[in-house]
Structure formats: C-alpha cells, structure tokens
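The report below describes how the parts of one chain are packed and joined. Please read it alongside the sequence and the 3D structure shown here.

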Amino acid sequence: MEKSLFLNKHNLQPFLSGIAADYAVYVPVRKGKHRFFKKYTGTTDEVVIGEVRPFEPLKAFFSRAKEIVAKGFEDTIPHATDKPFAIVGVKACDLKGFKVQDFVFKDQGFKDPFYIKNREENLIIGADCTCAIDTCYCLALGVKPYPQEDFDINLSQIEEGFVVKVGSSKGEAVVKKNASLFEEASEGQLMEKENQRARVHLEVEENIKKNNVPSQELFGGIIERNYKSEIWADEAKTCVECGACNTICPTCHCFLLFDQRDEKQMARFRIWDSCMIKEFARVAGGANPRPKLWMRLRNRFEKKFDFFPKVSNVYACTGCGRCITACPAKIDIRKVLRRLVNNA
Amino acid sequence: MPSANIYRPIKTQVLDIFPETPNIKTLRLKPVEPIPFKTGQFIELTVPGVGEGPFTPSSRPSVADVIEVTIMKVGKVTAKIHELKPGDIVGLRGPFGQGYPLDEFKGREIVVIGGGCGFAPIRSLMYSFFDMSGQFKKIFFRGGCKTSKDFLYRNELEEWTKRSDLNVELTVDKGDSDWNHKVGVVPTILDSVDMDYAQGFAVVCGPPIMMKFTTKKLLEMGFKENNIFLSMEKNMSCGIGKCGHCRIGTYYGCKDGPVFRYDKIKNFPEIWD
Ligand code: SF4
Ligand code: SF4
Ligand code: FES
C-alpha cells in the first residue's frame, strides 16, 4: 500500500506559498455564514480547508462566467497569459461536477480548447468536508463527503494538520517540489482521518433523513412519469426567473455566444446562460417551445435527471445544495425530488 | 482543416446578394478556407460586431469554395444580413450537424416536401440528387407556400417541372392570377405521389405546423417512421453540442440534427413547438 503523507498545520502556509510560485492560488475563506474562493495572499489566517463547499461553484475556474473565445478571424486561442489556477479546498460535490462538465466540453464531440487547457493545467487540491450544513445531501447522489477521484492532491484535515493523498502525477510533482514540508502519516493520524470521515458521513445521513431526501436509486423515470404532473406549475409558482439556480450549480454548463457590438474589433464572448430564462429556447422567428416558467423548471430537472443519465450515465446534480440557498423563491430541489419520487 | 478554436469564424467575403421575396435574400459567400459540407448540414454565419446565426446552405454541396445561404429577415442578426453588400466581410463556422444519408437513398423512391423558407436546405438536396442523377429510382418534389409571392426560387422550380427525372407539384394556400399550379395545403398534393410508400423515403422541411400535418399524412400513406426525415428548427448558439440551447429530448438539434428521422424524436414532447 502506498504511504500516506502528513502536512503539519504550520506548514500549510509555506506549502501554499510554494505552489504560488507556479500557480494563481485560490483558497476558501470564511465570510459570515459562507465560504468564498479568494486569491491567496500569503497568509492562511482566514483560510478554511475543511468545513463544506464554498459559495461559488468550482466550474468558474474552468469556464469563466464571461470570457473571450474568439478575436477577429484569427485561429488562435485567446487566453489570459496568467498562471494556471491552483484551487485549494475543493470538496467532493464539486469534483463530481467534472463528470458532467468533462462530458460536455472534453470527452464528447467537438473539443473545447479553453476548458481542456484549464483542465490540463489547473491544479486541484481537494479537501474532506469536516462538517455538513443543512443543505448538504451529497450521499443521496452517491457522492461521499470526501474526495475519492479527480483531484491532484487531497487534504484531510485533522487536529495537528492534514493527511495528504496524491491523486495524479501533477500532484506528485507538486508534493515532490515541496518534499521537506511533508512527513509520513502515523497510524494514529490515519485513524483520526477515518474517524472524522465516518462522523461527517453520519452527519450527512442524518441530514438526508431529517429533510426526507430521496436517494438516486429512486430517480429512474421520475421525469417521464411526472411529465404532465401539476408538481411543476406548483413548484414554479414563486420562481422569479433569476437564473441563480443555474449559475450557482457545479453541473450546469449552458452558455451563450455573444459578439461584442463593435464592427471594427470583432470579439466573441462566451457567457453562462440559464435555461430558466424565457428567451433560452426561443427561435429567431419567435416560436418558443417553453413559454411558461413551469415548463422551464421542468426542463431544468429533465436535463439533470433524464437527459444526462441517458446520454452519460450520470445525474447532473451533486447534492451540493447550492441552488437551495441561492433561490430567492425558496424552491427546494430536495422537496421537488421528493414529490417527483413519491408521485407514483 | 478544422479550426483548433471551435468558436472562431472563418473570414468570408460576400460575393453577391439576390433578393428572393420581399423579406428573403440569397447570399453567395466565399470563405478564405473552403468549407466542404454535406447536404443538410448547417453553418453559423457571423456578421462582425452583430452576432451569429445558423443557416443551412441552399447551394450545391459539390462546390465547397462558394456557399449560398437563403435567409429570411426575422430578427436582429438577419436584419443586418439583409443590409450586407457585395464585398462585405462576414464570418462562417461549420459545417455542423448531420446531413441526409444520400447513400441510403440510392436506388430508392424519394419524395421531397418543402414549405415556406424550408425550401432553402431542400434546394441543396435537390442539387445533390441532380448531380447523382440516375442513381435513384424516382424522385418526387412537392412544394407549398401561402401565396405565389412567397415562393423561393420560383424560376428554378418552374424549370424543375420540365425535368424528366423529376415529378414536381406545387401548391399555394391561396391562389391568384399569377398561379397555374395547385391550390390547397401541402398534404393535399401528396396523394399524387405514386410510389411504394413502405419502401420509400420522405424528406420534409418547412414550418413546424406544416411538418406536423405532413408527417401525419405520410404515416397514413404507409411511410415507415424511420424513413421520414424532418428538419427541426431549434434555438442554437454554439452549433456543436455544448451550449445546451437546442436540446430535443436526449439529442441536440445542432449535433444530432438538424435532420432527424421521425422515429428518433417521435416520443419526445415539444417536438412541434
Ligand atoms: S442542482 Fe442544486 S444541489 Fe444539485 S448540483 Fe446543482 S446546485 Fe448543487
Ligand atoms: S434560483 Fe429560484 S427563482 Fe431563480 S430561476 Fe432558479 S428556481 Fe427560479
Ligand atoms: S447549439 Fe449549442 S448545443 Fe446545440
């Protein structure tokens, strides 16, 4: 069995500073109730490696909310010349987002050069969740509250520091470069990590029980079965069509190509788009297959729980709970799923 | 050479512009790199500084260096396209999507049915048939529009009626003095298509409502569901199955279409909306 490493908490700062030589390092910082990714400034004072996922989704480091994708007719890849990102403290629910984003931009059909470049160059330092918040329900989607794949390095926070697992050759190189900061993890430290994982697992289980969230084993056919149901209109009643549920979601990938209004300097932007917005599917001639809000809410669920499982064998939800917090209309995906599952 | 950057358009010169009807024009375009396309595939046309829109070429696929698109003025981008002059520079991306399976059509009887602006892609298909003349058992063409003024390529269509390798009938919803063909909706001119329906192919392109009733009629006549080809118009942005705009059930109109066999999509809700 490969050795596990240990990073003393006093070595976190030198480790991150070491990485910062080659990467633009982003760390989760706590502000009020939420955590946000902030550019690492050389201090680890406010950095929270553990706890739960930050407010904003990881996808923003792989396709920006607004980015330039073409300049004039040049066959070049316009790209910020900055260093690649190192994103620290990435939680398992965000990593599951790659199952969807990779399928769309990297693994199927035309290859997206922007996404692929970021995917190849960015460094992902994952972290175990050390607690759960009320909206967490990752286990219902088959995601454990600690990273198991798709990271370069993973940190499991324990009392004295972090148990470190290397997940890729890119991660290996980074650890090697900073080798003096690491030591071999002790039996006791490994035990502490396992105990903590079990404890958080239990916390999420209790969450799911308390909020009565159905498990993905029950999702088969829920969209087809409920296509004509009243549930959609009922749930969409309060929706204000803000699109927050889409932008905040680690799996939502839809975008719009948008040309700068300047005929001299042609520039094409890619901006995140939202299927909840009325114009999303409207054709130039004016016809709209989804004129009503409830049809668009249904479409959002159809894409997540019918389309993606059929085309890529994955539910396009990670159980991160972000859309529950973000929705000004208090539309709760857990409740919608429960209603769909129960409406046999 | 496919571009590494799937979002950048290829520089293209507008060679010529022909008005077809008061709100439809055909543009002849010359991209600096040839864009070989299969009939039925589409391209994205950029007006610099304005935006991009998807169009199915209406020209001969065997000619790759010059592409013709026939465009109705319906929105912001198409309004700008209508203001273009010969010599202007635009951009093209593509070709995208799936074309018609011409090889499968060989040796068979085919009816091609067009309505309204749906004639544009169908003209390209008919050119392919003419280029491969003799390789098909029989080709029928049925076209319909609201009035005689709405017909695209009217002169060409009149020429087609004289071809010995083609059986043509045209109809308008409302006749006038300028019209010497049939009067009635498209399904009414299908009965005269004399072929073995169960073995034949049908290609339909037109407004959703026309496709809906035509498909119904074709099924009643005995065409097989997987032998009916429909052109689905969807909101498109990227053209390459990434942006999510054009989803139809488990497919994307841009990537898996825009031409679909009816049996592939018939169980999806919303297909005619
Ligand atoms: S749908 Fe909601 S809970 Fe699921 S991944 Fe997206 S934001 Fe998270
Ligand atoms: S976040 Fe809530 S209110 Fe906003 S579009 Fe989504 S469901 Fe509607
Ligand atoms: S146009 Fe973007 S997915 Fe089809």
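Phe301(A) touches Ile223(A), Trp232(A), Asp306(A), Ile333(A), Val336(A), Leu337(A) and Leu340(A), leaving aside residues up to four places away in sequence, where contact means heavy atoms within 4.5 Å. This is a predicted model, in which local features need pLDDT of at least 70 and side-chain atom pairs count only at pLDDT 80 or more, whereas totals for chains, interfaces and linings use all residues; side-chain values use heavy atoms, with hydrogens and water left out. Residues are numbered from 1 along each chain as its sequence is written, while chains are lettered from A and ligands numbered from 1 in the order in which they are written.

**Nonpolar cores**

Phe301(A) is, together with Tyr137(A), Phe305(A) and Ile333(A), among the residues with the most contacts inside the largest nonpolar core, which has 43 residues. Such a core is a set of buried Ala, Val, Leu, Ile, Met, Phe, Trp, Tyr and Cys residues joined through side-chain atoms within 4.5 Å, and buried means under 20% relative accessible area with a 1.4 Å probe, protein chains only. Helices that each supply at least two residues of this core include α5 (187-211), α9 (293-312) and α11 (333-342) of chain A, and α11(A) gives the most, with five residues; helices here are DSSP runs (H or I, at least four residues), and strands are E runs of at least two, numbered from the N terminus. Because domain 1 (5-210) and domain 2 (216-343) of chain A both give residues to this core, it lies between them.

A second, separate core of 37 residues includes Val90(A), Phe98(A), Phe96(B) and Met236(B).

**The two domains of chain A**

The domain bounds come from an automatic or database domain assignment. The C-alpha centres of domain 1 and domain 2 of chain A lie 26 Å apart, and the contact takes 40 residues from domain 1 of chain A and 35 residues from domain 2 of chain A. Between them these domains bury about 3,300 Å², 61% of it on carbon and sulfur atoms, buried area being the accessible area (1.4 Å probe) that two parts lose on being put together, summed over both.

**Strand pairing**

Two strands pair if DSSP finds at least two bridges between them.

| Strand pair | Sense | Bridges |
|---|---|---|
| β4 (residues 66-71) and β11 (residues 267-272) of chain A | antiparallel | five bridges |
| β10 (residues 255-259) of chain A and β11(A) | antiparallel | five bridges |

Within these pairings, Lys71(A) stands opposite Ala267(A) in β11(A), and Trp272(A) in β11(A) is the bridge partner of Phe255(A).

How values were computed. Buried < 20%, exposed > 50% of the residue type's maximum accessible area, 1.4 Å probe, protein only.
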